[in-house]
Amino acid sequence: MGLLGGTPPTAGADSERLFAAGVTYICCGAWPLACDCFARCARGDAPTRYNLALCCFHVGWYEESHRLLAEAERLLDIKPGEGSCPGIPSATSRQLPELFRRWEAASELPRSPLLPETPRDDALTLILRLRAEAAFRLGRCEEVRTIAARLGHRYKHLENLLKPIDR
C-alpha cells in the first residue's frame, strides 16, 4: 500500500508551497505533517520520493520507505548529466574541506530533507544511506553490504550496521 493514493495531488504554485512546507516540517521532526505535504504535492521527482521515504522511516514504516527510496534512486538516474558524474559519488569528487568530510563520515543517519537543487552525487548519497538503514531494519543484509561498498565503506553508521551482520 502506497502513500500516493486518495486525495488528488495539488499542482502549480500550491504544489511548490506544499513541498516547502514539507521541508520545514522535516526540519522540525514533524513527520506526519511533512508526509502529508509531500503526498499532496504534485511533484513526482526524486526529492519528493526521498522526503516521503524519510518520513516513513522515522515513523517505522520501513517497507514503504524502502520502496520509495528505490523509486527516488530510479528517478535520479533518469536525468543524466546532472551532478559531477553519472556514477556513484566518490570521496574525492566533493570539494569540502577535510574536517567537513570527516564529520560527514562519522555522523549518524542524516535527517535532512532532499532539495531539488541538491547536486546529484549528494542526493544519491542521501538516498543510499537511508536505503541501507531501511534494508537493515527489513533484514536485507546483503543489500546493506552492497550499499556500504557502493559508498566506499566511508560512513561509520553503515559500518556499525555491518558489525552484527558479519558476526
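Which side chain is joined to that of Glu 71 by a polar contact? The side chain of Arg 49 is the partner, with a polar contact of 2.6 Å between the two, a polar contact being a pair of N or O atoms within 3.5 Å of which, within protein, one must be able to donate a hydrogen and the other to accept it, while residues adjacent in sequence count only if both atoms are side-chain atoms.

## Model and conventions

This is a predicted model, in which local features need pLDDT of at least 70 and side-chain atom pairs count only at pLDDT 80 or more, whereas totals for chains, interfaces and linings use all residues. Residues are numbered from 1 along each chain as its sequence is written, and side-chain values use heavy atoms, with hydrogens and water left out.

## Overall fold

The protein has eight helices and zero strands, where helices (H or I, at least four residues) and strands (E, at least two) are DSSP runs numbered from the N terminus. Of its 167 residues, 44% are buried, that is, under 20% relative accessible area with a 1.4 Å probe and protein chains only, as against over 50% for exposed and in between for partly exposed. Among contacts (heavy atoms within 4.5 Å) between residues at least 6 apart in sequence, 66% join residues at least 24 apart.

## Packing of H4 and H6

The axes of helix H4 (residues 62–78) and helix H6 (residues 120–137) come within 9 Å and cross at roughly 155°; these axes are lines fitted to C-alpha atoms over the stretch in contact, with angles running from 0 to 180 degrees between N-to-C directions. H4 and H6 are therefore roughly antiparallel to each other, the term applying to angles over 145 degrees.

Residues making the contact include Tyr 62, Leu 69 and Leu 76 of H4, together with Leu 124, Ile 127 and Arg 131 of H6. By class, the contact of H4 with H6 comprises twelve nonpolar, two polar and five charged residues, with Ala, Val, Leu, Ile, Met, Phe, Trp, Tyr, Cys and Pro taken as nonpolar, Asp, Glu, Lys and Arg as charged, and the others, Gly among them, as polar.

Glu 71, the partner of Arg 49, lies in helix H4 and counts as buried because its relative accessibility is 18%.

Leu 75 also lies in helix H4 and, at 17% relative accessibility, counts as buried. Leaving aside neighbours within four places in sequence, Leu 75 is in contact with Gly 44, Asp 45, Ala 46 and Arg 49. Leu 75 and Asp 45 are 30 residues apart in sequence, yet 6.4 Å apart in space, C-alpha to C-alpha.

Definitions and conventions
Parallel < 35°, antiparallel > 145°, perpendicular 65-115°, else oblique.
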